[in-house]
Amino acid sequence: MSTSPARRSLPATTDASPDLDSARSVFDKLQQRIAQHKVLLADWQAAMDAYEQRYLRDVLPLLNEYRALHVALLERLDHAATGGMRLGRTDARILRQLIVGMASGLLLSETDPAQRARLVAWHQKYDDDAVADDATESAAPAADEDDPEALLRRLEAEQAEAAAERERQRGEHRREAKKRRQQRQPEAVEASQSLRAVYRQLVSTLHPDRESDPAERQRKTALMQRVNEAYAAERLAELLELQQEAAAFDARHAGQQPEERLAAYIRLLTQQLAKLQQDLRALEADFKQCHHLNPRGKLKPATLAEHLRVEQATLNNSIRELQREQRWLNDPDHFKQWLRAQRR
């Protein structure tokens with residue numbers, strides 16, 4: 001199968017050494033892998049954009065409805081706990097623990113101040129009851145007793161502590177990365193010189209001021225803009241592609257570069273590939289964190305739409321189940337059975 005001009009291998013010369021042939025093979029494979037990663041990165045971005053649009057349109061309203069049903073359930077449980085339902089001591093304890101757990105879960109993702117205040121009040125009310133019911137004697141009042149926002153501050157403090165630990169780990173990674181960069185500095189200087197050599201050759205060939213034909217001058221102006229952007233981002237593979245697009249790239253000349261220069265090109269391409277791989281990992285990790293997905297789960301751009309469809313169906317089923325349960329909870333016998341099932 002033939003390859004496009006931008007992807008063809010560097011042709012060997014008759015007197016090339018085995019080492020140089022091997023370097024040409026690595027050079028060509030790196031260009032192919034970079035092209036593949038660019039396509040994958042574009043696929044991820046397109047799939048994520050489509051996912052976000054469908055998420056806002058189809059899933060977020062369901063999440064809000066699901067959350068509102070939980071708040072309504074808390075109101076019903078609060079009514080039952082304050083005398084609306086005759087319960088034994090064990091069932092009453094289960095009910096208080098359930099209210100505290102549900103309020104905590106809702107509180108961590110609640111942004112509305114009024115709703116946060118209601119959830120804090122529920123949590124504080126039944127958390128204090130549970131402490132008293134456990135007969136834990138204390139001469140001093142609980143630290144949160146006179147401050148309904150104390151619980152929220154404690155939860156936020158725990159989140160802040162976890163965030164500080166993550167930041168500490170990121171700092172260690174940054175220091176290690178800096179150390180590795182310093183160790184690679186001599187190679188980076190040589191690679192930068194090779195990149196500059198390609199850039200200068202392109203500038204010499206494409207400079208619009210040296211072109212008398214207006215149409216050709218316009219074409220070279222557009223190419224030079226892309227050349228400057230690729231050079232600023234140190235994307236050697238893109239510069240080489242632009243050489244070919246400008247009909248200024250002589251494959252035999254590139255193949256006859258000294259081994260040191262070709263090795264410098266390979267180092268630059270390796271760095272560009274590593275950066276693309278890092279961008280892909282970060283893109284996927286941020287997406288999983290934003291949507292509370294398993295960080296170790298396998299995801300592909302082509303499967304995001306199916307994942308969203310499953311999430312939407314799951315929410316619809318959960319909403320129907322909550323609605324059905326709330327109708328049944330009017331019956332005292334079913335209410336007690338439901339409580340014990342929640343405990344299990």
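These legends describe close-up views of a predicted model. Local features need pLDDT of at least 70, side-chain atom pairs count only at pLDDT 80 or more, and totals for chains, interfaces and linings use all residues. Residues are numbered from 1 along each chain as its sequence is written, and side-chain values use heavy atoms, with hydrogens and water left out.

**View 1. Overall fold of the protein chain.**
The protein chain has eleven helices and zero strands. Helices (H or I, at least four residues) and strands (E, at least two) are DSSP runs, numbered from the N terminus. The order of elements from the N terminus is α-α-α-α-α-α-α-α-α-α-α. The protein chain has 344 residues, and 34% of them count as buried. Buried means under 20% relative accessible area, exposed means over 50%, and partly exposed lies in between (1.4 Å probe, protein chains only). Among contacts with a separation of 6 or more, 73% join residues 24 or more positions apart. Contact means heavy atoms within 4.5 Å.

**View 2. Packing of helix H2 against helix H11.**
Two packed helices are described by the angle between their axes and the distance between the axes. Helix H2 covers residues 89-107 and helix H11 covers residues 332-343. Their axes lie 10 Å apart, at an angle of about 60°. Axes are lines fitted to C-alpha atoms, for helices over the stretch in contact, and angles run from 0 to 180 degrees between N-to-C directions. H2 and H11 are therefore oblique to each other. Angles under 35 degrees count as roughly parallel, over 145 as roughly antiparallel, 65 to 115 as roughly perpendicular and the rest as oblique. The crossing of H2 past H11 is left-handed, meaning that the near helix is turned anticlockwise from the far one by less than a right angle.

**View 3. Residues at the H2 and H11 contact.**
H2 passes H11 in a left-handed crossing. H2 contributes Thr-90, Asp-91, Ile-94, Leu-95 and Leu-98 to the contact. H11 contributes Phe-335, Lys-336, Trp-338, Leu-339, Arg-340, Gln-342 and Arg-343. By class, the residues of this contact are six nonpolar, two polar and four charged. Ala, Val, Leu, Ile, Met, Phe, Trp, Tyr, Cys and Pro count as nonpolar, Asp, Glu, Lys and Arg as charged, and the others, Gly among them, as polar.

Arg-54 and Asp-58 form a salt bridge, at 3.8 Å from N to O. A salt bridge is a side-chain nitrogen of Lys or Arg within 4 Å of a carboxyl oxygen of Asp or Glu. By this rule there are nine salt bridges. Helix H1 covers residues 18-84, and Arg-54 and Asp-58 sit four residues apart in it, so about one helical turn separates them. A network of salt bridges links Arg-54, Arg-57 and Asp-58. Arg-54 is partly exposed, at 26% relative accessibility.

**View 4. The salt bridge of Arg-67 and Glu-110.**
The side chains of Arg-67 and Glu-110 meet at 2.9 Å, N to O, in a salt bridge. Arg-67 belongs to helix H1, while Glu-110 is in the loop between H2 and helix H3 (113-133). The pair therefore ties together parts that are 43 residues apart in sequence. Arg-67 is buried, with a relative accessible area of 19%. Glu-110 is also buried, at 11% relative accessibility.

**View 5. The salt bridge of Glu-284 and Lys-288.**
In the salt bridge of Glu-284 with Lys-288, the closest N and O atoms are 3.0 Å apart. Helix H9 spans residues 259-290. Glu-284 and Lys-288 are four residues apart in H9, so about one helical turn lies between them. Both Glu-284 and Lys-288 are buried.

**View 6. Ala-47 and Ala-302.**
Ala-47 is part of helix H1 and is buried, at 15% relative accessibility. Ala-302 sits in the loop between H9 and helix H10 (304-328). Ala-302 is exposed, with a relative accessible area of 74%. The C-alpha atoms of Ala-47 and Ala-302 are 7.3 Å apart, across 255 residues of chain. Neighbours within four places in sequence aside, Ala-47 is in contact with Pro-301 and Leu-304.

**View 7. Ala-222 in helix H6.**
Helix H6 (residues 214-232) holds Ala-222. Ala-222 is partly exposed, with a relative accessible area of 42%. Its C-alpha atom is 9.6 Å from that of Leu-206, which is 16 residues away along the chain.
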